[in-house]
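User: Could you walk me through this one? I'd like to start with the aromatic side chains and then move on to the packing.

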Amino acid sequence: MRYTIYGLVVLLIIIHQDNWLWDDKRLIWGFMPITLLYQAGISIGAAIVWFLATKFAWPHHLEEVAQEPPAQAQESGETK
C-alpha cells in the first residue's frame, strides 16, 4: 500500500501542473472559474491521499519509540 500512496503523490504532483486550463474562461455553475474548481479538486484529492498515507503508510514504530520513557529517567526512577 505504501507504494500505491507514493504513486498517488507523484500523480497529484503531475496533474497539479494545469497548463491546459489557464486560458479557459468557462464558468461552472455560473460563477466558478474552471481553473478554481480544478484546484479545489486537487486539494480534495491531496486531502484524501494524506488521509490514506496516515492510515496505511505511517511509521508506527516511531510512535512506540516516542511513547517510551527516556532511558535516563528509567535508570533513576524518575517519571514525568
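Analyst: Bear in mind that this is a predicted model. Y3 counts as exposed, because its relative accessibility is 70%, and Y6 is partly exposed, with a relative accessible area of 47%.

User: How are the rings of Y3 and Y6 arranged, and how far apart are their centres?

Analyst: The count comes to one aromatic pair. The ring centres of Y3 and Y6 are 5.9 Å apart and the planes lie at 70°, so the pair is edge-to-face, given that planes over 60 degrees apart count as such.

User: Switching topic, which residues make up the largest nonpolar core?

Analyst: That core has five residues, namely I5, L12, V49, A53 and A57, and the elements giving two or more residues to it are α1 (2-16) and α2 (34-56).

User: What does V49 touch, away from its sequence neighbours?

Analyst: Setting aside neighbours within four places in sequence, V49 is in contact with I5, L8, V9 and L12.

User: Which residues of α2 are buried, and what do they pack against?

Analyst: I34, I42, V49 and A53 are buried in α2, and the buried residues of this helix pack against α1, β1 (27-28) and β2 (32-33).

User: What does UniProt list for residues 28-53?

Analyst: An unreviewed UniProt entry lists them as "transmembrane region"; in the model, this span is 77% helix and 12% strand, with its end C-alpha atoms 31 Å apart.

Terms used
Residues are numbered from 1 along each chain as its sequence is written. This is a predicted model: local features need pLDDT of at least 70, side-chain atom pairs count only at pLDDT 80 or more; totals for chains, interfaces and linings use all residues. Side-chain values use heavy atoms; hydrogens and water are left out. A nonpolar core is a set of buried Ala, Val, Leu, Ile, Met, Phe, Trp, Tyr and Cys residues joined through side-chain atoms within 4.5 Å. Buried means under 20% relative accessible area, exposed over 50%, partly exposed in between (1.4 Å probe, protein chains only). Helices (H or I, at least four residues) and strands (E, at least two) are DSSP runs, numbered from the N terminus. Contact means heavy atoms within 4.5 Å. UniProt positions are given in the numbering used here, feature names are shortened, and annotations may be inferred rather than shown by experiment. Rings of Phe, Tyr and Trp (its six-membered ring) pair if their centres lie within 6.5 Å; planes under 30 degrees apart count as stacked, over 60 as edge-to-face and the rest as tilted.
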